[in-house]
Amino acid sequence: MTDDPSTHPRTTPETPATPATGGPAPAPQSAPQPTPRSVPRSAGQDPRMPRLAELASFAAFMAEGWDLPDRAARTVPGAADAAAHHRARLSAAHPGQPVVVAAGEAPVRSNDTRYDFRPDSDFSWLTGCGEEHGVLVMRPVPGGHEATLHLPEPARPGDPRFFADAAYGELWVGGAPGLDDWRDALGLEVRPLGELDTALAGLAKPLLTGPLDPDTAHRHGLGPSDGLGRTLSELRMIKDAWEIDQLRQAVDRTVEGFAAVVREFPAAVAGGGERWLQGTFDRYARTHGNGPGYASIVGSGGHAATLHWVRCDGAVAEDKPVLLDLGVETNSYYTADVTRTFPASGRFSPAQRAVHDLVERAHRAGLAAVRPGRDFADFHTAAMEVVARGLADWGLLPVSVDEALSPQGQHHRRYLVCGIGHHLGLDVHDCARADYAAYQGARMTPGMVLTVEPGLYFHEHDRTLPPELRGIGVRIEDDVLVTEDGMEVLSAELPLDAAGLERWMAR
């Protein structure tokens, strides 16, 4: 990685250093935090290593002689129109109330290096824009809200930051769209981020969501609004046609990614291990989308029984199943979430197949309970009843099936402590800030996209299990759209049954 000569920390360059008029004074700092740098900086001037941004002749030379780079604003087709529709829905839900939604910034990985930026989901849903430090301001006007998007301005030739600022200088980050480019692409008024303080000062008690810069939030006395977050989660539960299309694309790319991973089983068994498979999918997701929608789970043998096995640092044994929980996130940030469990050798053993068959029966019972008008909890209870009866038939429950299924029992959950479904969309666990009554306590509605994912997780060190079951973990997960008259399994291209998976692998 190239050293950063910037004299600017990675913060919003347009943000004033002093409080906005009328805002609260900043809280005193007990000790200033040092600015992360790639290399130490001398207290004085070192003539052998002059600071380029301070050299007038160099700055003048760097301002000239550049052709225009590609500065197109990259958006997903249909995203701007969808975002306008989403803003209208939010405006109707909060009439007369100012709204502020922040995109956030990339989290620090270590020192002065950061992870890739991914915008706050609510910000993306309302703008169709993926720019770091963006802030959407919705000001009440007669009949609704007037929306303005505030973005940082790129540093181009003629601005010393062009070559001296690793966060915004085009010489560092490449050609960057300007505010006019974004305005044309989004059909939305776009203003410099430097005007944000003035815009916020003119609002009366705005509602805030998203990771707004803490200094800006403090200057204007802003804190996160639970009510706004809840509203957005509940609005996002019902997907429109454009969102459903994005999720179809995410699922289709994910199924293709499963095929790419399964083709690499021989290489993983030969020594590449779980990380070879994880890397195969992550490369596919990065090539055909924005990347993985969450940390890819690849568990061979006993690791498959660990619900979130994201370390993926084990070997892949030829005689053990491999649990793959994977999802491609599209460039619009909608993600799939699909799980299948495959025999690494291409054939399940009798014990492995018995476990898989029981999970399959539970899964089909859960799918059958996904219908408009039914309680959200119905697919959970339907699948759990099948699991409990199957475990009882194997002699693994210390109580009757009825007692296990009672609110005071739940003994079968020893082998399935997680829930078996959730909303899916911009977040893999979508709409999580909704009220309980609107989520688990609600009825399923057309336009909802859900996961159904029962499993059995028999840990190697669980002494309640017979030896032949220890170390077997199986999960089956599909992404399901609730329709007007039933449901559609978006991930139906992947087989559910053990024999079908074996044939799919061979093909």
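1. Ground rules. This is a predicted model, where local features need pLDDT of at least 70, side-chain atom pairs count only at pLDDT 80 or more, and totals for chains, interfaces and linings use all residues. Numbering starts from 1 along each chain as its sequence is written, and side-chain values use heavy atoms, with hydrogens and water left out.

2. Helices (H or I, at least four residues) and strands (E, at least two) are DSSP runs, numbered from the N terminus.

3. The sheet with Arg340. Arg340 sits in strand β12, residues 338-343. This strand belongs to an open sheet of 3 strands, ordered β9-β10-β12 with antiparallel pairing. β9 (297-300) and β12 are the edge strands, each pairing on one side only. From one strand to the next, the twist averages 10°. Between β10 (residues 321-326) and β12 there are 6 bridges; for two strands to count as paired, DSSP must find at least two bridges between them.

4. Helix α10 (residues 241-263) lies across β10 and β12, at about 25° to β12. Axes here are lines fitted to C-alpha atoms, for helices over the stretch in contact (heavy atoms within 4.5 Å), and angles run from 0 to 180 degrees between N-to-C directions.

5. Where the arginine side chain goes. Arg340 counts as buried because its relative accessibility is 1% (buried is under 20% relative accessible area, exposed over 50%, partly exposed in between, with a 1.4 Å probe and protein chains only). A polar atom of the Arg340 side chain lies 2.7 Å from the backbone oxygen of Pro495, and a polar atom of that side chain is 3.0 Å from the backbone oxygen of Leu494.

6. Strand β16. 5 of the 5 residues of β16 (residues 478-482) are buried, so this strand is largely enclosed by the rest of the structure. Asp478, Val480 and Val482 point one way, Asp479 and Leu481 the other. Worth a look: both aspartates are among the buried residues.

7. Neighbours of β16. β13 (residues 449-452) pairs with β16 in the antiparallel sense over 4 bridges, with Val449 opposite Leu481. β17 (residues 487-489) is antiparallel to β16 over 3 bridges, and Val480 has Val489 as its bridge partner there. A hairpin of 4 residues links β16 to β17.

Technical notes. A polar contact is a pair of N or O atoms within 3.5 Å; within protein, one must be able to donate a hydrogen and the other to accept it, and residues adjacent in sequence count only if both atoms are side-chain atoms.
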